[in-house]
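The notes below are meant to be read beside the coordinates.

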Amino acid sequence: MKVFIGYVSLSGNTEKMAINIKNRMKAVGCEVYMERLDTVEVDALKDFDLAFIGLYTWNLEDLPYEANEFYEEIDQVDFAGVKVAFYGAGDLTHSKPCEFNHLRGELKNV
């Protein structure tokens, strides 16, 4: 299984989570690629069987700025057959940790 792990990390917590996922996926024999979301071409994700997308809580449920371009391009790619999971490091001082207003019902092809 070919797995992509993308993340943006401000304090390093989301990156640590990405590394943990990477290690687990490799341990079960997956081919794993890991990259920051602000450097990845969204179109490349359609070549994977599984994609993990990691974000952190920012400014009361806003999308982190490093993920804006990725988010703007994601609806332009047909991800048929790719399973996608979102994960994140949430700030428990926020009313809704790990919730992003931008992602609520808007990802059509994922």
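1. The model is a predicted one, in which local features need pLDDT of at least 70 and side-chain atom pairs count only at pLDDT 80 or more, whereas totals for chains, interfaces and linings use all residues. Residues are numbered from 1 along each chain as its sequence is written, and side-chain values use heavy atoms, with hydrogens and water left out.

2. On the overall fold, the protein has two helices and four strands, and their order from the N terminus is β-α-β-β-α-β. These elements are DSSP runs numbered from the N terminus, helices being H or I of at least four residues and strands being E of at least two. Of the 110 residues of the protein, 39% count as buried. A contact is taken as heavy atoms within 4.5 Å, and among contacts between residues at least 6 apart in sequence, 80% join residues at least 24 apart. The protein exposes about 6,400 Å², of which carbon and sulfur atoms supply 48%; the areas come from the Shrake-Rupley method with a 1.4 Å probe, and for residues only the protein chains shown count as cover.

3. Confidence should be kept in view throughout. The pLDDT, the predictor's confidence in each residue on a scale from 0 to 100, has a mean of 79 for the protein, and 72% of the residues reach 70 or more. Over residues 102–110 the pLDDT is below 50, although this stretch has 22 contacts in the model beyond near neighbours in sequence.

4. Which backbone nitrogens lie by the side chain of Ser 9? Ser 9 is placed in the loop between strand S1 (2–7) and helix H1 (13–27). A polar atom of its side chain lies 3.0 Å from the backbone nitrogen of Gly 12, and the backbone nitrogen of Thr 14 lies 3.5 Å from a polar atom of the Ser 9 side chain. A polar contact here is a pair of N or O atoms within 3.5 Å; within protein, one must be able to donate a hydrogen and the other to accept it, and residues adjacent in sequence count only if both atoms are side-chain atoms. Leaving aside residues up to four places away in sequence, Ser 9 touches Thr 14, Glu 15, Arg 36, Tyr 56 and Glu 66.

5. Thr 14 itself lies in helix H1 and is buried, since its relative accessible area is 2%. Residues up to four places away again aside, Thr 14 touches a set of residues including Tyr 7, Gly 54, Leu 55, Tyr 87 and Ala 89.

6. For the aromatic residues, rings of Phe, Tyr and Trp (its six-membered ring) pair if their centres lie within 6.5 Å, and planes under 30 degrees apart count as stacked, over 60 as edge-to-face and the rest as tilted. By this rule there are two aromatic pairs. Phe 4 and Phe 48 form a tilted pair, at 5.5 Å centre to centre and 55° between the planes. This pair links distant parts of the chain, with Phe 4 in strand S1 and Phe 48 in the loop between S2 and strand S3 (50–56), 44 residues apart. Phe 4 is buried at 2% relative accessible area, and Phe 48 counts as buried at 9%. Tyr 33 and Phe 48 form an edge-to-face pair, at 5.5 Å centre to centre and 75° between the planes. Tyr 33 is partly exposed, with a relative accessible area of 37%. Phe 4, Tyr 33 and Phe 48 form one aromatic cluster.

7. Finally, Lys 2 lies over the face of Phe 48, at 5.0 Å from the ring centre; a charge sits over a ring if NZ of Lys or CZ of Arg is within 6 Å of the ring centre and within 35 degrees of the ring normal.

Technical notes:
Buried < 20%, exposed > 50% of the residue type's maximum accessible area, 1.4 Å probe, protein only.
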